Amino acid sequence: MILSFKHFEIQGDRLLYNGNEQITGLSADLYKLNYNFIFVNSKFKGEFDIKFESKKIILKGCSFEGDIEFSGNKNIFKIESFNSNFTINEPESDVTIKSTNIDGLGKIKDISSFQLSIEIYYLSDLVIENVKSENISIQSNITQEKPLNLDIYVENSGTFTILDVYINTINYNNSIFEKFVFDTCTFKHPNKYFNFLMPLAKSLIIRNIKSNFETINLCVDDFDLYDLLREIELKDIECELLILDFKQHIPLAFERILFSSDNRFVIETHNACGMLSVQNLELSGYFSKQNIIKDIEIKNLKFDFFQTDSEFIFRNLSFIEKGELVIGNSNLNNVTFNPSILHEFNKITTFGSDFFGMNITGFKFLNINHFAKEYIDINKRLFPTNNIKLFRYLKNFSLADGDLDSFQKYRSYELNETYFHSRQLKRYEKFILWFNKITNNHTTDWFKAFKLILITFSFYLYLITSYLLYSQNDFQFMDVSKILPNLLSPVSFLINNDEFCFPNLIYFFDVFYNIIIGLLLYQMIAAFRKFNR
């Protein structure tokens, strides 16, 4: 039977067909109608194409026999059936398939779409074969009685998401993905140690995982992964110990790894082929268990809203190249760098963070050029950094280590940062900090005071000699020696000079000159005595 408009029942904006006759084709006039279509318990048989455009199509309990292809465009499919012998070749359409198979077996194949959503209810085994889509997702909407065994055969898929599914096994069969996401999944198995094989994907996200495993080992078993996987994000994985250990495989190079979970985890490599290489290592969230990151290569390291109540150890890290350390809204108490890696970064950016309780072994001095003055937030807005607490930590660390030179320098960094960023300072306090900054950089640079003394002395000498040259005809240049004692001593004033007479304005300036010279001399001497403090 060729299905036409007369065979449908009108239900608002939808046409419903519920019949037992075999459908061997669709009338061309159906494609021109401004209706959506519902097929219930329909039997399609033969070889023909179905070419709807921009429609909503519901297939419920339908069967297909022969070579039937949906080849329209921009449609939305809702299919309540598995193991159906038909093809969907609509790269711009969205397809949702619901499992109703009580026998627990399901097979989805021959689908090309923009999005493919699979909702499973009773399945224990699912095969996905010859499917191409920008976004594929599998989701369970009920509590599964049995864990799912999943076999995937896809090629160059976009994002593949498994959401809220009870999983037993997954076979990727060399399928390739842009991104693979495990979200709110459950893994259970009699063994306490689980090798979690990673798929062939550029980006891997594993979050909100429940399991009965004591140890989960993220690993690879395919050399092709070395050239593909670039980003890993791990968050809230339920196990006693999470390990990234690639010692049995070739070295991997990642663009980004994000840890955001309350797990005890270890990242390590003992690979004769080389180290695990991570361009961007990011740590976010609260950690309550001891964690170790060791023997890996990194470029950039980021702490974002990070906090730990147990030891968090970085050990024997090496660097691909010098990158950036970002510490934002974090508390680095209980974090240990052994040895110190702070000097390995070109730039250190901190804001809203605390460093009390951070441990460093083998610390090397960081000059002021290491520390960024601005940072860009997630909304691309520019904000000033605040390094006061980091400088205070480095100051106290240097003092405890007996390094007085570094102590003085970090003290000056801290006071300068306080001058620029503290909102609690009163005006006179800001003036004191500013004066100390420009005169001796908080007792670390005597030459600043010396330069200011020379400048002030030269200006005042020029002022006095100019007045004497124009006011006294018998003044000779050698007569300058008669006023030098008054200019060089902060306690000797021109008013006590019997050789020359000056107007009151110059006497007034002379008082201020002696005060300034006295202060500058004091600042210069204080800088000379910095190691006696």
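This is a predicted model: local features need pLDDT of at least 70, side-chain atom pairs count only at pLDDT 80 or more; totals for chains, interfaces and linings use all residues.
Local features here need pLDDT of at least 70 and side-chain atom pairs pLDDT 80 or more, while totals for chains, interfaces and linings use all residues. Residues are numbered from 1 along each chain as its sequence is written, and side-chain values use heavy atoms, with hydrogens and water left out.

View 1. Helix α1 covers residues 388-400; helices (H or I, at least four residues) and strands (E, at least two) are DSSP runs numbered from the N terminus. Its 13 residues should span 18 Å at 1.5 Å a residue, and the end C-alpha atoms are 18 Å apart, which agrees. The expected span is 1.5 Å times one less than the number of residues. I388, L390, F391, Y393, L394, K395, F397 and S398 are buried, meaning under 20% relative accessible area with a 1.4 Å probe and protein chains only (exposed is over 50%, partly exposed in between). These residues pack against β33 (347-351), β34 (359-360) and α2 (404-421), contact being heavy atoms within 4.5 Å.

**View 2. The packing of α1 on α2.** The axes of α1 and α2 are 8 Å apart, at an angle of about 160°. Axes are lines fitted to C-alpha atoms, for helices over the stretch in contact, and angles run from 0 to 180 degrees between N-to-C directions. The pair is therefore roughly antiparallel (over 145 degrees; under 35 is roughly parallel, 65 to 115 roughly perpendicular, the rest oblique). On the α1 side the contact includes I388, F391 and R392, and on the α2 side it includes L404, Y410 and E414. By class, the contact has eight nonpolar, four polar and five charged residues. Ala, Val, Leu, Ile, Met, Phe, Trp, Tyr, Cys and Pro count as nonpolar, Asp, Glu, Lys and Arg as charged, and the others, Gly among them, as polar.

**View 3. The crossing of α2 and α3.** Helix α3 (residues 427-440) and α2 have axes that come within 10 Å and cross at roughly 135°, so the two are oblique to each other. L415, N416, T418, Y419 and F420 of α2 meet K430, L433, W434 and K437 of α3. Five nonpolar, two polar and two charged residues make up this contact.

**View 4. Helix α4 and what covers it.** Helix α4 (residues 446-471) has 26 residues and reaches 38 Å from first C-alpha to last, close to the 38 Å expected. Its buried residues include A449, I453, F457 and L468. Among the elements covering the buried residues of α4 are α3, α5 (484-488) and α6 (504-528).
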